[in-house]
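Hi,

Here is the structure I promised to pass on.

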Amino acid sequence: MADENGHSHVKGSERFPLVDLGDLDAGSAAALIAAASDITLVAGPDGTVCDLSIQNEELRIDLEGGCNWTGSALLQTVAADSRAKVALLLQDAARSETRWRHINHLASDGRPVPVLYCCAPLGRGGRVVLFGRDMRAMSALQQRLMNAQASLEQDYGRLRDAETRYRLLFQTSSEAVLILEPVRGRVVEANPAAREMFGAELVDIVGHGLLPRVTEGGALEAHLAAARNGEAPADLSTHLVHGNREVVLRATPFRQDATTMLLVRIASAHAVAAASLLSAEKAKLLRAVESAPDGFVVTDNDGLVFTANAAFLEMVNLRGEAAARGQPLDRWVGKSGVDLTVLVANLRQRGSVRFFSTALRSEGGGIADVEISAVSIANGGKPSFGFAIRNVGPRLRVETTASRALPRSVEQLQELIGRVALKDLVREATEVIERLSIEAALELTNDNRASAAEMLGLSRQSLYVKLRRYGIGDLEPAERD
């Protein structure tokens, strides 16, 4: 049926055959079928591939094994998850139904190659022809869409987590916090602490101005205007109308939805004064460190000096702190170049080090024995180090005179490392072990020297010689001889 303009219409479910294709021979029909799709397969009634044509060159490269499909079962050319769909395609063709189904072939590297197929019967011999459309571009687009959706969900999750954290901080803050409109100055949001400070419910605070709630409205208005203009105004001291309570107020601008809003923090003046008092106490501590008789130095993570007190400057014979600032600490600290490296490595591992024995070199060439206690301090993600340096030269001279001949413990031996030659250190370590073994043997035998000598594998006379040498126990005159 045609209208007055000559256009054909399908009425109901009627189908009109194509009668204007002319007389097509087999070759022309094959060419037409091949040109109608990216890949065309002809399969026999048992599902064996009889012929195929791949028009898409990129698809041909991905399916480089497709040239060997002829004579193979159609089920063997597809991925395992698509074999059921191939069976359905063949059933559709047997029922003369045309339905498009998504089939996955496998590339040479194992990647799925998606192709959209429909199947139609071909003559009376039971053969069917499968027309395929390359779906790789659509599949890649769908994958990008899924990746973008997953990325958006992750971003939304992070935003929700951040909003939860800041909302919790806003609600639990001990200071009153208000969000103000920049022009009218009306309160957009207030936390529970503001309700307690103003003595009003949140519904009576939100949507109303802040100026009527303070006694110095003009000063507050000037403070808010300065904050809106991007300035950093000083804290404003004012009084609340409710209870005439003295407070300290500060406004800070921030951007939200292309609009500058104001975040206003209000704290009790007494709390601010207490914080200032605490700062004053810390200032006293800093003054005490500055005036301490022991040296104190703070360095960065690379060992460069930040600051040093007067005692340290005097130890290394520097005129002022500027001469030390920015200089490596190992310029003055350490008997060798590795002392400070070892100390800093222990600081990074343990966080603090006590009683580290080393030497301090002054600018004039003098060397003093010192003892260092140090601590690692977190500073914006990178640690800095504090070193307390004490001159122990006089104390070491007294201890060396009294006990240099025989150290009393392994700890004293450790203190001698770097100050005593290795052969002397080994000799003294041997003497320490020998003395400790004799004392332990005497203790185990309840001071029975014959048994102790037998336990140590010594003769009694050799044991008495060592007892006299180390001054252990009270020897009888005959034993001393």
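Some ground rules before that. This is a predicted model, so keep in mind that local features need pLDDT of at least 70 and side-chain atom pairs count only at pLDDT 80 or more, while totals for chains, interfaces and linings use all residues. Numbering starts from 1 along each chain as its sequence is written, and side-chain values use heavy atoms, with hydrogens and water left out.

Cysteines to begin with. A search of the whole structure comes back with zero disulfides (a disulfide being a pair of cysteine sulfur atoms within 2.5 Å). Cysteine 118 has the sulfur of cysteine 119 as its nearest cysteine sulfur, 7.6 Å away, and that is too far for a bond. Both are tucked away: cysteine 118 is buried at a relative accessible area of 7%, and cysteine 119 is buried at 2%. Buried here means under 20% relative accessible area, exposed over 50%, and partly exposed in between, with a 1.4 Å probe and protein chains only.

Next, helix H3, residues 83–94. Helices (H or I, at least four residues) and strands (E, at least two) are DSSP runs, numbered from the N terminus. The 12 residues of H3 should span 16 Å, and the end C-alpha atoms are 17 Å apart, which agrees; the expected span is 1.5 Å times one less than the number of residues. Val86, Leu89, Asp92 and Ala93 are buried in H3. Seen down the axis, the buried residues of H3 fall within an arc of 115 degrees, so they line one face of the helix (the arc is that of the directions from the helix axis to the C-beta atoms). Ala84 and Ala94 are exposed on the other side of H3. The cover over the buried residues includes strands E3 (101–106), E4 (112–122) and E5 (127–134). After H3 comes serine 96, with a positive phi near 60 degrees.

Finally, the cores. A nonpolar core is a set of buried Ala, Val, Leu, Ile, Met, Phe, Trp, Tyr and Cys residues joined through side-chain atoms within 4.5 Å. The largest has 24 residues, and Phe312, Leu329, Trp332, Ile372, Phe387 and Ile389 have the most contacts inside it. Elements giving two or more residues to this core include helix H9 (310–315) and strand E14 (367–379), but H11 gives the most, with four residues. Apart from this core lies another, of 23 residues, among them Val214, Leu236, Leu249 and Leu262.

Cheers

Key
Contact means heavy atoms within 4.5 Å.
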